[in-house]
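User: I'd like to learn how to read a model like this one, feature by feature. Can you walk me through it?

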Amino acid sequence: MRNQFNKITNIAANKLENLKHLQLTTTAINALKWLKNHLPFLHPKHLVGLLDWYIIKKFIGTYIFSIILIISIAIIFDFNENLSKLTEYQAPWRAIIFDYYANFVPYYSNLFSPLFVFIAVIFFTSKLAGNSEIISMLAAGVSFNRLMRPYMISCVLIAGLTYYLNSFVIPHGTVIRLNFKSLYLNSKKNTAAENVQLKVAENTVAYIQNYDDKYKRGYGFSLDKFEGNKLIDHLTASEIQYDTIADAKYHWKISNWKIRKLKGLKEHITTGAEMDTVIMMEPTDLVYSKGQQETFTSPELLDYISKQTSRGSKNVVQYEVEYHKRIAMSFSSFVLTIIGLSLSSRKRKGGMGMYLGIGLALSVSYILLQTVSSTFAINANTPPILAAWIPNIIFAAIAYFCYRHAPN
């Protein structure tokens, strides 16, 4: 009797559970129907249609093709120029391929990304206009603003990839590439510093007379702690060595050290041969080499800028420019795409040669302006964020002018 009761109870429970699932499914279906009826623009077909996919594939395909074509030519010229040095210093083929050119390609592809975007837009849009495809689209009721949608979607993809590579991937590759150049291409790298003084903590100043970054070793070291304007602790060491295998940062080993603790007119002196200590400084704080800011990821740049600013250092402008330039460079694809689309969407006699010339000139001007605007921040006290965005601001004005004169 009890078994029959349990069996009936289980059957009732299963039916009730199925009924609940059915009710939930019905609710979900009704919700989807409501969204479809009241928010039709959220449907993927309304966001990206056949026309959009057609243009996106053309855009991305031409962009990748132009990168492969131009970077391949650049590799040939670069290899031909450096062949004698690579032979002289007996650079292994594995290092040439994987250390140098494997990092050469993403670095220069990203550096000249605005050029590739502009060429891609000019090239395939002129071809569409030459085949009367754009005229057909406009005649079918597609507005110029609607025509821009797939271009902007492509720009979102390119901008996201550009920022990710610039901020996280390329900096690590740049370190490997620069190390290869210093080993096999006789590229001089600054590895020494003299008379370095910096604030390492609140009321604490470090000084190194000579520092060799190659061995991560310094000579003539002192560390002074102050209380107000009064010196309370003075440490000196003949040698200081950075611990490169420590689990955490800021570990140093000091040799032949002496500590003088000052209390009023009294002083207490302690000496020793060697001592492991933690000092809030790193080798990158002591030696600056050209292009060093390009070897930091964006989080590392922010950390370095914050740390150096708190120390009162003014040698952070180029790092701030680099940080803002990475963001600004990502948005350049939108500006240059609008210019390229506006210029090349008309069907004109003479083909696409003139537009490619204009596109090349504008792209080179943009890259040149990027370099010049960086010097404004370093030498003319221009705010770093403004210096990084000057090219986008100027070319946005050009884009607006071209957009206003684009075909209706």
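**Reading the model**

Analyst: Let's start with a helix: H4 (residues 93–111) has 19 residues and spans 25 Å from its first C-alpha to its last, close to the 27 Å expected at 1.5 Å a residue. The expected span is 1.5 Å times one less than the number of residues. Helices (H or I, at least four residues) and strands (E, at least two) are DSSP runs, numbered from the N terminus. Bear in mind that this is a predicted model, where local features need pLDDT of at least 70 and side-chain atom pairs count only at pLDDT 80 or more, while totals for chains, interfaces and linings use all residues. Residues are numbered from 1 along each chain as its sequence is written, and side-chain values use heavy atoms, with hydrogens and water left out.

User: Which residues of H4 are buried, and what do they pack against?

Analyst: The general idea first: an α-helix has 3.6 residues a turn, so residues three or four places apart point the same way. Buried means under 20% relative accessible area, exposed over 50%, and partly exposed in between (1.4 Å probe, protein chains only). In H4 the buried residues are Ala95, Ile96, Tyr100, Tyr101, Asn103, Phe104, Tyr107, Ser109 and Asn110. They pack against helix H3 (50–88), helix H5 (113–130), helix H7 (144–184) and H10, where contact means heavy atoms within 4.5 Å.

User: How many aromatic pairs are there?

Analyst: A pair of aromatic rings is described by the distance of the centres and the angle of the planes. Rings of Phe, Tyr and Trp (its six-membered ring) pair if their centres lie within 6.5 Å; planes under 30 degrees apart count as stacked, over 60 as edge-to-face and the rest as tilted. By this rule the count comes to 21 aromatic pairs. Take Tyr242 and Trp252, an edge-to-face pair at 4.9 Å centre to centre with 65 degrees between the planes. That pair links distant parts of the chain, with Tyr242 in strand E4 (residues 230–242) and Trp252 in strand E5 (residues 251–263), ten residues apart. Tyr242 and Trp252 are both buried.

User: Why does the pair of Phe296 and Tyr319 count as stacked?

Analyst: Their ring centres are 5.9 Å apart and the planes are at 25 degrees, so Phe296 and Tyr319 are stacked. Phe296 is in the loop between helix H8 (283–286) and helix H9 (298–310) and Tyr319 is in helix H10 (residues 317–344), so the pair ties together parts that are 23 residues apart in sequence. Phe296 and Tyr319 are both buried.

User: Which residues do ring pairs link into a cluster?

Analyst: The cluster holds Tyr100, Tyr101, Phe104, Tyr107, Tyr108, Phe112, Phe180 and Tyr184. Charges come in here too: one sits over a ring if NZ of Lys or CZ of Arg is within 6 Å of the ring centre and within 35 degrees of the ring normal. Arg177 lies over the face of Tyr107, 4.2 Å from the ring centre. Arg94 has its charged end over the ring of Phe98, 5.3 Å from the centre.

User: On to the strands. In what sense do E2 and E3 pair?

Analyst: Two strands pair if DSSP finds at least two bridges between them. Strand E2 (residues 204–212) and strand E3 (residues 217–227) pair in the antiparallel sense over eight bridges, with Asp212 opposite Arg217 in E3. They form a hairpin with four residues between them, and Lys216 in the turn has a positive phi of about 55 degrees. E3 and E4 also pair in the antiparallel sense, over ten bridges. Their hairpin has two residues between the strands, and Gly228 takes a positive phi near 75 degrees.

User: Is Tyr250 buried or exposed?

Analyst: Tyr250 is buried, at a relative accessible area of 13%. Tyr250 belongs to the loop between E4 and E5, and its phi is near 75 degrees, a positive value in a residue other than glycine. Asn203 likewise has a positive phi, near 60 degrees, but Asn203 is partly exposed, with a relative accessible area of 36%.
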